[in-house]
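Okay, thanks for coming, everyone.

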Amino acid sequence: MRRPVPVVRGTAHRSDTHDLDPALWRAYDEDPDDPLKFGTIWSFPERDKSAGHKGDYRGNFAPQVPRQCIRRFSRVGDLVLDPFLGSGTTLVECARLGRRGVGVELNPTVLELARGRVHGALAEVGAPGPGALHRLVLGDARDLSEHLGDSSVDLAVAHPPYHGIIKYSDGLPGDLSCAANYPAFLRSLDQCFAEVLRVLKPGRHFCVLLGDAWADGELIPIGFDGFAAARALGFVPHAVVIKEQHNVSGKRGKQGIWKWRSVRWGTFLFQHEYLFVFRKPGRPARRPELHPLVSPVPHQEATPCPTKC
């Protein structure tokens, strides 16, 4: 199992939003197994397949994406929300990094898939079951009031559907991938972002991965529209990362036909997504003491996630 660079205590810099030590920047950069990203171009040619991670669920992001976000913008014991849980990638990474997690999934069949994978990850690191440190709930990202109170989450990581590129259900109410049209999709996405803003603590971060689409001879700028929607709600832009796409399942083994279409229609193949990082206005709460790191994944010291956080 990967062993993260330890946190060094007693340094002058103590952040209220992460456990990283600036004095160890070289160690983070040169970590042969899991280097910290410093730039705004991210590329993961080979997705991590350890701890039960699989690429069999269409549209799930590479585990390295939530891992980088969790390391950068949360601390051991923090509560991390994924409002579009899918196959559970974010909560698997929470288990490995000693964070508590809340995952919300609309599709009950997919939720059971996620439960199995998160259970497996927790068993691998020797942590208690999901009832103690993680909650996987059936719910709609547009309304989290049943599951989360105001200003209760330390970090949110999301990978919403890109409108109708991949259908995630046969028309479940609230499924963004089944929205009747693009304006309806954007209205639902706006509701989801508003809920994230509500449950996020002041000064904490929201990381959302978005990609564009092409339909009826027109580029659908989901990334730009999503960025504008979050900003209009009151989120403060913090960073924009371009993530390269590799081995997209829908194009695997079909590069020839896609390149033919590129020439025929005068378009370009999508090879990137946007990782937008926002911050909720306000100052993060101060903590008198950092969580002591007695092991790489100190689950025994994390505060359990209650029924409603």
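This is a predicted model: local features need pLDDT of at least 70, side-chain atom pairs count only at pLDDT 80 or more; totals for chains, interfaces and linings use all residues.

On the α3 side, the contact uses Leu 91, Val 92, Ala 95 and Arg 96, and α4 brings Arg 117, Val 118, Ala 121, Leu 122 and Val 125. Sort the residues of that α3 and α4 contact by class and you get seven nonpolar, no polar and two charged.

Now stay with α3 and look at its contact with α2. Helix α2 covers residues 64–73, and it packs against α3 at about 45 degrees, with the axes 9 Å apart. That angle is why α2 counts as oblique to α3. The crossing is right-handed here. Who meets whom? From α2 we have Pro 66, Arg 67, Ile 70 and Arg 71, and from α3 there's Thr 89, Thr 90, Glu 93, Cys 94, Arg 96 and Leu 97. The classes in the α2 and α3 contact come out as four nonpolar, two polar and four charged. Arg 96 is one of the α3 residues listed against α4, and it turns up among those meeting α2.

Okay, on to the sheet. It's an open sheet of eight strands, with mixed pairing, and the order reads β1-β9-β10-β6-β5-β2-β3-β4. At the edges sit β1 (41–42) and β4 (134–138), each pairing on one side only. Along it, Ala 239 faces Val 277 in β10, while Lys 243 stands opposite Glu 273 in β10.

What lies across the strands? Helix α4, residues 108–125, lies across β3 (100–105) and β4, running at about 170 degrees to β4. Helix α6 packs on the sheet as well, touching β2 (79–82), β5 (153–158) and β6 (200–210), and its direction makes about 150 degrees with that of β6.

The model has 11 aromatic pairs by count. Among them, Phe 193 and Phe 206 are edge-to-face, 5.4 Å centre to centre with 75 degrees between the planes. Phe 193 is in helix α6 and Phe 206 is in strand β6, so to speak a link between distant parts of the chain, 13 residues apart.

Last one: α6 with α7. Helix α6 (182–199) and helix α7 (222–233) pack at about 45 degrees, axes 10 Å apart. That makes α6 oblique to α7, and the crossing is right-handed. The α6 side includes Phe 185, Leu 189, Phe 193 and Leu 197, and the α7 side includes Ile 222, Ala 229 and Leu 233. By class, the α6 and α7 contact holds 11 nonpolar residues, one polar and two charged. Phe 193, then, is in the ring pair with Phe 206 and is one of the α6 residues meeting α7.

Methods:
Residues are numbered from 1 along each chain as its sequence is written. Side-chain values use heavy atoms; hydrogens and water are left out. Axes are lines fitted to C-alpha atoms, for helices over the stretch in contact, and angles run from 0 to 180 degrees between N-to-C directions. Helices (H or I, at least four residues) and strands (E, at least two) are DSSP runs, numbered from the N terminus. Angles under 35 degrees count as roughly parallel, over 145 as roughly antiparallel, 65 to 115 as roughly perpendicular and the rest as oblique. A crossing is left-handed if the near helix is turned anticlockwise from the far one by less than a right angle, and right-handed if clockwise. Contact means heavy atoms within 4.5 Å. Ala, Val, Leu, Ile, Met, Phe, Trp, Tyr, Cys and Pro count as nonpolar, Asp, Glu, Lys and Arg as charged, and the others, Gly among them, as polar. Two strands pair if DSSP finds at least two bridges between them. Rings of Phe, Tyr and Trp (its six-membered ring) pair if their centres lie within 6.5 Å; planes under 30 degrees apart count as stacked, over 60 as edge-to-face and the rest as tilted.
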